[in-house]
Amino acid sequence: MKCLECNKELSYIDHKNAFDIYGVELCKQHKMRIDKLVSLKNTPVEAVQLYYGLKAIGITSMLEWWDGKKSIDLAISRVKLNIEIDTDYNTISHEQAIVDLEEAMHSFKNGFTTIRIPHVVIKYYPKETVKNIEAIVEGLKVTIKTL
């Protein structure tokens, strides 16, 4: 077992501590960094899992990227893709829906594509989610090249 961030060999305790909370293998130092990020930004656990799932297939993303207006759960700046993890999509109101649409419109005007993913999709279908995002990234690369 190795840390997904620094490739350091993990003790059983470090592995268990990170895996029980985030579902990923992190050393004590990197777990503390993620703990701080989650605490400060209220980052969904699923965003952390998706970040490391994308990293495993070679897609560089950024957790809690500031877009000039708000913090984005995950951003893949190379293809201008913002990913928001919806943790309370069951209770979305019409007011929140229009706010989400307006935020997506502002991102689009600035050249970014924003997708919203329900957290349960990452929880129950992590590999499929990563595979679909990989396909979206590939499609965006083609689109960017043709512009």
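A75 stands opposite N82 in β3. Strands here, like helices, are DSSP runs numbered from the N terminus: a strand is a run of E with at least two residues, and a helix is a run of H or I with at least four. The model is a predicted one, in which local features need pLDDT of at least 70 and side-chain atom pairs count only at pLDDT 80 or more, while totals for chains, interfaces and linings use all residues. Residues are numbered from 1 along each chain as its sequence is written, and side-chain values use heavy atoms, with hydrogens and water left out.

Strand β2 (residues 71–76) pairs with β3 in the antiparallel sense over three bridges; two strands are said to pair if DSSP finds at least two bridges between them. Four residues lie between the strands of this hairpin, and K80 takes a positive phi near 55°. On the β1 side, four bridges join β1 to β2, and these two strands run antiparallel. A75 in β2 is the bridge partner of M62. The hairpin of β1 and β2 also has four residues between its strands, and in this hairpin G68 has a positive phi near 100°.

β3 and strand β4 (residues 113–118) run parallel and are joined by six bridges. In β4, I115 is the bridge partner of I83, and P118 is that of D86. Together the strands form an open sheet of four, in the order β1-β2-β3-β4, with mixed pairing. β1 (62–66) and β4 are the edge strands, each pairing on one side only. From one strand to the next, the twist averages 45°; axes are lines fitted to C-alpha atoms, for helices over the stretch in contact, and angles run from 0 to 180 degrees between N-to-C directions.

Strand β3 (residues 81–86) is mostly covered, with six of its six residues buried. Buried means under 20% relative accessible area, exposed means over 50%, and partly exposed lies in between (1.4 Å probe, protein chains only). In a regular strand the side chains alternate between the two faces of the sheet. Both faces of β3 are covered: L81, I83 and I85 are buried on one side, and N82, E84 and D86 on the other.

Helix α3 (residues 45–56) lies across β1, β2, β3 and β4 and runs at about 15° to β2; contact means heavy atoms within 4.5 Å. Helix α4 (residues 94–109) has 16 residues, so at 1.5 Å a residue it should span 22 Å, which agrees with the 23 Å between its end C-alpha atoms. The expected span is 1.5 Å times one less than the number of residues. After α4 comes G111, whose phi is positive, near 90°.
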